[in-house]
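Hi everyone, thanks for coming.

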Amino acid sequence: FEDRDQVPVRIYALAKDLKLDSKDLVTLCNKIGITGKGSALASLEDDEVARVKKYLAGGAGNAAGASSG
C-alpha cells in the first residue's frame, strides 16, 4: 500500500509559508538537529516540518528579533 499522506515539503516552500528566507530555514534545520538539508531544494518529512514549527512557536525562534506585522 502507498502512504500518500506524507508528502515531503521542499525547504523553500516551507520557508515561504513561514515567511522566512530559505537560507535561514536551512540553517535552522541544522541548528535543531535536522541534518543533511544542505539547500532549499532539500525536502522535509512531516515530522521534521513539525519540529521546525514547534521550535519557531516555542519562543526560541522569537529571540531572533521577529517583527510583528
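**Starting from one glutamate**

Okay, let's start with Glu 48, which lies in helix 3. Helices here are DSSP runs of H or I with at least four residues, strands are E runs with at least two, and both are numbered from the N terminus.

Before I go on, a quick word on the source: this is a predicted model, where local features need pLDDT of at least 70, side-chain atom pairs count only at pLDDT 80 or more, and totals for chains, interfaces and linings use all residues. Residues are numbered from 1 along each chain as its sequence is written, and side-chain values use heavy atoms, with hydrogens and water left out.

So, is Glu 48 buried or exposed? Glu 48 counts as buried, because its relative accessibility is 15%. Buried means under 20% relative accessible area, exposed means over 50%, and partly exposed is in between, with a 1.4 Å probe and protein chains only. Leaving out residues up to four places away in sequence, Glu 48 touches Ile 34, Lys 37 and Ser 43; contact means heavy atoms within 4.5 Å.

Let's zoom out. The protein chain has three helices and two strands, in the order β-α-α-β-α from the N terminus. Of its 69 residues, 26% count as buried.

Now, how do helices 1 and 2 pack? In general, you describe two packed helices by the angle between their axes and the distance between those axes. Helix 1 (residues 11–18) and helix 2 (residues 22–31) meet at about 105°, with axes 9 Å apart. That makes helix 1 roughly perpendicular to helix 2, a label for angles of 65 to 115 degrees, while under 35 is roughly parallel, over 145 roughly antiparallel and the rest oblique. Helix 1 brings Ile 11, Tyr 12, Leu 14 and Ala 15 to the contact, and helix 2 brings Ser 22, Leu 25, Val 26 and Cys 29.

Last topic, the core. The largest nonpolar core has 14 residues, and Ile 11, Leu 25, Leu 44 and Val 52 have the most contacts inside it. Such a core is a set of buried Ala, Val, Leu, Ile, Met, Phe, Trp, Tyr and Cys residues joined through side-chain atoms within 4.5 Å. Helix 1, helix 2 and helix 3 (46–57) each give two or more residues to this core, and the largest share, four residues, comes from helix 2. Take Val 52: not counting residues up to four places away in sequence, its contacts include Leu 14, Leu 25 and Ile 34.

Definitions and conventions: Axes are lines fitted to C-alpha atoms, for helices over the stretch in contact, and angles run from 0 to 180 degrees between N-to-C directions.
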